Amino acid sequence: VMAQQVTVLRGGTLIDVTGAAAPVESNIVIRGNRIESIGSRNIPRGADVIDVTGKYIVPGLWDKHLHYKDWFGEMLITNGITSAFVQSGGGPTWLHAQNEGVHKGKIKGPRMYFRERSFDVFDSVEEARQAARKAIEELQPSFIKAYTGLTADQLEAVAEEAHRAGLHVEGHLGISAVDAINAGIDGLTHSTGIALSVLRQEDLEKVPDMRVIDTGRRRVIFPEIDTWDESETGSPNPDLTEYWLFLEDPRRIMMFGMMDRELAQELIDLMVREDVFIESNLTYTFRHVHNRVDEYRTEDHLLLSDPELSYVPERIRVNVLDYTLFDKVTDDELALMKKGFANFQWFTKTFVDAGGKLILGPDTTSLNHATMLPGVTTIREMQLLVDAGLTPLQAIQSGTIWPAQRLGKDDDLG
């Protein structure tokens, strides 16, 4: 049997993401692909020693919401993302082969944990339940994803089957967060459901009459909504949130601008009590109104001018650099959107301070909406969380130990 390669990282400052210990200069001994010891002054004979004095060491980062493409690997690994919740699947695909190649050390990329399928529109509760059972048995997903067309009763049935199998359920919701939590949801994908739960009724009634601002762009095709109960998809959830591209619609961001903080605090208390996580995607949802817009636009132009990144597809380049929304909103609309971002910063900090868990999930990189560069956006998400008032350790935890815990992988990862 061949001896495993031993590598020692010497002299770096280790960040303990459990929060149990202060950062400390350490020697880290790695045998094969496992950390064998931390803090040892004894360096094994024949070890490959890498001096990292003056540098910080953290666990590999997670991307909680990744639409993996074949060109992602280098950009993810370069930025420290070594694990991902992958929003794809449905049985053996090239992604599963890619994941196998990563585990065998033949391909550079993150280890992947697959959704396999989403649970969306069903004719009955029993149909949703049977679909969940079938998917869990045949596809063996790492987690369960509810989608915009799932009713509260159907979600409850799917959640029961998932929990019976030891899986968590998260949702890109078309129902309110309160209804989803009462049905057994474990996490709010894209922070969906929150807006419907933190607006007073009189403000909810204003939403259908909001101006439809952003239609017909190449990177986003928003539905034209005239009334609250209009449904072009046949969804049983007859409001704006059933539309999957409502995530970055200016109307949704303005809804956060109308947030009632008393209702928001009630929701936070409920979420913490029921241990429901938020998938944090500030870089995506608030890409036009967060406090680093100019900085990130400049960085993206520089990155996409680099010949070493010429493999990034043209459609992605167009989407990343598209900020034409600024030409379409009025000053009042933009001001309400910015208020929405400020309110959501408050919500995020208050939630975490109360014991809630965030998991970084910037929705990298769907072709059909506002696009972020893989790897780069995960780092930015942590930066925006610190800007919102989280501690640097909390921001790191949102990309390391907290996602690992959700999949029961924290003994090995994060």
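Buried means under 20% relative accessible area, exposed means over 50%, and partly exposed falls in between (1.4 Å probe, protein chains only). This is a predicted model, in which local features need pLDDT of at least 70 and side-chain atom pairs count only at pLDDT 80 or more, while totals for chains, interfaces and linings use all residues. Residues are numbered from 1 along each chain as its sequence is written, and side-chain values use heavy atoms, with hydrogens and water left out.

**Stop 1: the whole chain**

Show the protein as a cartoon. The secondary structure comes to 16 helices and 14 strands. Helices (H or I, at least four residues) and strands (E, at least two) are DSSP runs, numbered from the N terminus.

Switch to the C-alpha trace. Its atoms fill a box of roughly 70 × 50 × 40 Å, taken along the principal axes. The radius of gyration is 22 Å, which agrees with the value near 22 Å for a compact globule of 414 residues. That radius is taken over C-alpha atoms, and the globule rule is 2.2 Å times the number of residues to the power 0.38.

Colour by burial next. Of the 414 residues, 57% are buried. Now draw the surface. The accessible surface comes to about 18200 Å², and 49% of it belongs to carbon and sulfur atoms. These areas come from the Shrake-Rupley method with a 1.4 Å probe; for residues, only the protein chains shown count as cover.

Turn to contacts, meaning heavy atoms within 4.5 Å. Among contacts with a separation of 6 or more, 71% are between residues 24 or more positions apart.

Colour by charge. There are 42 positive and 63 negative charges, and their mean positions are 7 Å apart. Lys and Arg count as positive and Asp and Glu as negative; His and the chain ends are not counted. Each charge is placed at NZ of Lys, CZ of Arg, CG of Asp or CD of Glu.

**Stop 2: strand 4**

Select aspartate 48. Aspartate 48 sits in strand 4 (residues 48–51). Its relative accessibility is 40%, so aspartate 48 counts as partly exposed. Leave aside its neighbours within four places in sequence, and aspartate 48 is in contact with Gln5, Val6, Thr7 and Val8. Aspartate 48 and isoleucine 30 are 18 residues apart in sequence, with 9.7 Å from C-alpha to C-alpha.

**Stop 3: the rings**

Show the aromatic side chains. The whole structure holds 14 aromatic pairs. Pick tryptophan 71 and tyrosine 311, a tilted pair with 6.5 Å centre to centre and 55° between the planes. Rings of Phe, Tyr and Trp (its six-membered ring) pair if their centres lie within 6.5 Å; planes under 30 degrees apart count as stacked, over 60 as edge-to-face and the rest as tilted.

Tryptophan 71 lies in the loop between strand 6 (61–66) and helix 1 (73–78), and tyrosine 311 in the loop between helix 11 (293–304) and helix 12 (314–320), so the pair ties together parts 240 residues apart in sequence. Tryptophan 71 is buried at 12% relative accessibility. Tyrosine 311 is partly exposed at 31%.

**Stop 4: backbone angles**

Go to glutamate 116. Glutamate 116 is not a glycine, yet has a positive phi of about 75°. Look for this residue in the loop between strand 8 (111–114) and strand 9 (118–119). Glutamate 116 is buried, with a relative accessible area of 8%.

Serine 191 also has a positive phi, near 60°. Find serine 191 in the loop between strand 12 (187–188) and helix 6 (194–197). At 2% relative accessibility, serine 191 is buried.

Jump to threonine 364 and threonine 365. A cis peptide bond joins them, with omega about -20°. Threonine 365 belongs to the loop between strand 14 (358–360) and helix 14 (376–387).

**Stop 5: two buried residues**

Return to the loop between strand 12 and helix 6 and select threonine 189. Threonine 189 is buried, with a relative accessible area of 0%. Beyond four places in sequence, threonine 189 is in contact with His65, Lys145, Glu170, Gly171, His172 and Glu279. Its C-alpha is 9.3 Å from that of tyrosine 147, 42 residues away along the chain.

Finish at tyrosine 284, in helix 10 (residues 282–285). Tyrosine 284 counts as buried at 0% relative accessibility.
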